Amino acid sequence: MGFTRRQAVTAALTANAIKPLPGFRLSVAAFFPGWLTGELAPHLLALTAADTAAQVARGRASRTGLVLAGASAAGLGYLITQSRRALHVAEDALVEGIGLDYVEQLDAAPTPADLATPWRRVANPFAFGRERRRAGVDVVRNVPFAPYGKRGMLDVYTSSTTPPKDAPVLLQVHGGAWIISKKEQQGLALMEHLAAKGWVCVAVNYRLAPRDPWPAQIIDVKQAIAWIRDNIADYGGNPDYIAITGGSAGGHLTALAALTPNDPDFQPGFEEADTTVQAAVPHYGVFDLSGASGLRNVELMRDEFLANWVMKTSYQDSPEVFEAATPLLRVTPDAPDFFVIHGRNDTLVGVEQARQLVARLRDVSKRSVVYAELPVTQHAFDVFPSIRSQHIVRAIDRYLHWHWNTWRRERT
């Protein structure tokens, strides 16, 4: 592929990351290149600059190619600037949601280094194992919590700083449209970061549709919470304090688990288990499976995907199944504290779902609600370390430490 054609492709990718292709039918096509381009913008900018310099030096750079390279560089620079804005967007959301003095409840105020962009980590975003070892994080893998083979296993993350008892616990629920993915593939940066600070983090698998239709997925997440209550003390965790997080389908399961504590319909055979959680941090979650929001893209996802692949029944035949699975319809005054995070450019799960859930929580819940809406941000922005995801990991760190310390103070 020649220089001009390469720069045309780069310019198209950059334009899609800034303003994604519209429409439900193009949502997946817009997502994948937009996600990678947005989160790897520094790397793509460096490649564009190196390619352009090399072609100019050889006298092979066409005028059209140079114009396209310049447009790409400007667009990629804009994407990098917007990624760095995540720090301020998240901090403003924390101040709005839990107060200007929330920092006083942290173990220590964030230092300039805590707020700076970790360029070294961003430069090699896929070095999870190396970073984990450097941070002294240990993982106990494939601990069974349910009798479903690999889908009934979880991993426990601790570190040399984990106390012998009463450490706060975070449960990570992977996404993947309820039909793919596994516990080793998501939430790694957040779990490694918190485990290095003394948290006990648990990453859970669950049964996947369509082999195991809904509600197998939420049942398994509830069963994992019950397992944590009974067993996490063996790893140094506090069984009375569980925060839950996840993205996409994992964000849906996170929100639904938080909003349906001890629901017997989702706890067959373990109805007496305590499945309450103390805080929920869903990322780009699916909060409407029934069409209650009135959004056309939700109705299309419900009828063309969920009915055929996840629920294995139609909304017309079983509306109660879709409605019971919709976090937007399950908000009560007793909902736990929420920190909702969503990207404004999300083409897979539109940001309006997050806006409606947050509005409902703020109207009904007695607890705090923090909402960070990230500009020029696609779905799955936190799957690997990037400028944006690293700032969000640290914002979640501040939020969860505020919550943990506040919870302990309220208890005593």
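Is the crossing of H1 and H4 left-handed or right-handed?

A: The crossing of H1 and H4 is left-handed (the near helix is turned anticlockwise from the far one by less than a right angle). Keep in mind that this is a predicted model, where local features need pLDDT of at least 70 and side-chain atom pairs pLDDT 80 or more, while totals for chains, interfaces and linings use all residues. Numbering starts from 1 along each chain as its sequence is written, and side-chain values use heavy atoms, without hydrogens or water.

Now the pair itself. H1 covers residues 3-18 and H4 covers residues 63-84 (helices are DSSP runs of H or I, at least four residues, and strands are E runs of at least two, numbered from the N terminus). They pack at an angle of about 30°, with their axes 8 Å apart (lines fitted to C-alpha atoms over the stretch in contact, with angles from 0 to 180 degrees between N-to-C directions). That angle is why H1 counts as roughly parallel to H4 (under 35 degrees).

As for who touches whom, H1 brings Phe3, Thr4, Gln7, Ala8, Thr10, Ala11, Thr14, Ala17 and Ile18 to the contact (heavy atoms within 4.5 Å). On the H4 side, the partners are Thr64, Gly65, Leu66, Leu68, Ala69, Ser72, Gly75, Leu76, Tyr78 and Leu79. Sorted by class, this H1 and H4 contact has eleven nonpolar, eight polar and no charged residues (Asp, Glu, Lys and Arg are charged; Ala, Val, Leu, Ile, Met, Phe, Trp, Tyr, Cys and Pro nonpolar; the others polar).

The largest pocket holds about 1,100 Å³ of space (a pocket is an open set of points on a 1 Å grid, with protein on both sides within 12 Å along at least five of seven lines; a lining residue has an atom within 4 Å of a point). Among its 44 lining residues, Phe31, Thr347, Leu348, Val349 and His379 come closest to the centre. H2 (27-39), H12 (296-310) and H14 (351-364) each put at least two residues into this lining, and H2 gives the most, with five. The lining of the largest pocket includes 24 nonpolar, 15 polar and five charged residues.

The second largest pocket has about 330 Å³ of space and 13 lining residues. Nearest its centre you'll find Arg121, Glu131, Ala135, His193 and Gln390. Two or more residues of this lining come from each of H7 (119-123), H8 (128-134), H9 (188-195) and H15 (387-411).

The largest cavity has about 80 Å³, and its lining includes Gln172, Val173, Gly246, Gly247 and Tyr284. Strands E3 (167-173) and E5 (237-247) each give two or more residues to the lining of the largest cavity, which by class has four nonpolar, six polar and one charged.

The second largest cavity comes to about 60 Å³. Both H9 and H15 give two or more residues to its lining, with H15 giving the most, four. Among the residues lining the second largest cavity are Ala189, Ser389, Ile392, Val393 and Ile396, and by class the lining has five nonpolar, three polar and one charged.

Conventions: 1 Å grid on protein atoms, 1.4 Å probe; cavity = no way out; pocket = protein on both sides within 12 Å on 5 of 7 lines; lining within 4 Å. Points joined across faces, edges and corners; volume = space filled by probe spheres on them. Parallel < 35°, antiparallel > 145°, perpendicular 65-115°, else oblique.
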